[in-house]
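Keep the structure open as you read.

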Amino acid sequence: MHSKNSNYSKGNVYEKKYMDKLVSNGYIVDRAIRRIIKRDGKFINIGSDFFGLFDLIAIKDNQILFVQVTSGNWHSKKELIDFANKTQNTHITYILAKYDKETDEFQEFVYKYVPQKNNND
């Protein structure tokens, strides 16, 4: 159904790899479900990321992680920061995990919302 080099296949592999890393570190992890449909003779990936942005949500103790996994550029960094600032949730850590093929490891951009202090306080 998918070629081995398709974006869908690569994304699935990297998401699974990062998910396994989280599970091995004691997190309970849920993964966004992807659907593949055939339209005009072509297979199309219909993503259903959490909040349209995140591939994984992980929980351990009092930690909540929202994770976007990528093998390309850091295209989602601004979207991740904008989402975090919009929700203003101080209990969630947002991670953009970029897979590096050369090192076979993930580079991580980690963001946590911190409320701005009001000078009137």
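Start with D55 and Q68, whose side chains are joined by a polar contact of 3.2 Å. A polar contact here is a pair of N or O atoms within 3.5 Å; within protein, one must be able to donate a hydrogen and the other to accept it, and residues adjacent in sequence count only if both atoms are side-chain atoms. Before going further, bear in mind that this is a predicted model, in which local features need pLDDT of at least 70 and side-chain atom pairs count only at pLDDT 80 or more, while totals for chains, interfaces and linings use all residues. Residues are numbered from 1 along each chain as its sequence is written, and side-chain values use heavy atoms, with hydrogens and water left out.

Where does D55 sit? Look in the loop between β3 and β4; helices (H or I, at least four residues) and strands (E, at least two) are DSSP runs, numbered from the N terminus. With a relative accessible area of 1%, D55 is buried, where buried means under 20% relative accessible area, exposed over 50%, and partly exposed in between (1.4 Å probe, protein chains only).

V69 belongs to strand β5 and counts as buried because its relative accessibility is 9%. Not counting residues up to four places away in sequence, V69 touches Y14, E15, Y18, D55, L56, A97 and F106.

β5 is mostly covered, with six of its eight residues buried. On one side, five bridges join β5 (residues 63-70) to β4 (residues 56-60), and these two strands run antiparallel; strands pair if DSSP finds at least two bridges between them. Within this pairing, A58 has L65 as its bridge partner, and K60 stands opposite Q63. The two strands form a hairpin with two residues between them, and D61 in the turn has a positive phi of about 50°. β5 also pairs with β6, this time in the parallel sense, over seven bridges. There, T70 has K98 in β6 as its bridge partner.

Now zoom out to the sheet. Five strands form an open sheet in the order β1-β4-β5-β6-β7, with mixed pairing. β1 (28-31) and β7 stand at the edges with a single partner strand each, so one side of each is left without a neighbour in the sheet. Direction ignored, neighbouring strands of this sheet are turned by 25° against each other on average; the axes are lines fitted to C-alpha atoms, for helices over the stretch in contact, and angles run from 0 to 180 degrees between N-to-C directions.

What about the packing? A nonpolar core is a set of buried Ala, Val, Leu, Ile, Met, Phe, Trp, Tyr and Cys residues joined through side-chain atoms within 4.5 Å. The largest one has 15 residues, of which Y18, L22, L56 and V67 touch the most other members. α1 (7-24), β4, β5 and β6 each supply at least two residues of this core, and the largest share, four residues, comes from α1. Apart from this core lies another, of eleven residues, among them L53, I57, Y94 and F109. Back at Y18, the contacts beyond four places in sequence are L56, V67, V69, I95, A97, F106 and E108.

D40, in the loop between β2 (34-39) and β3 (42-47), has a phi near 55°, a positive value in a residue other than glycine. D40 counts as exposed because its relative accessibility is 75%. D104, in the loop between β6 (92-100) and β7 (105-112), likewise has a positive phi, near 60°, and at 44% relative accessibility D104 counts as partly exposed.

Finally, the whole chain. The protein has two helices and seven strands, and from the N terminus on its elements run α-β-β-β-β-β-α-β-β. Buried residues make up 33% of its 121 residues. Among contacts between residues at least 6 apart in sequence, 51% join residues at least 24 apart.

Notes
Contact means heavy atoms within 4.5 Å.
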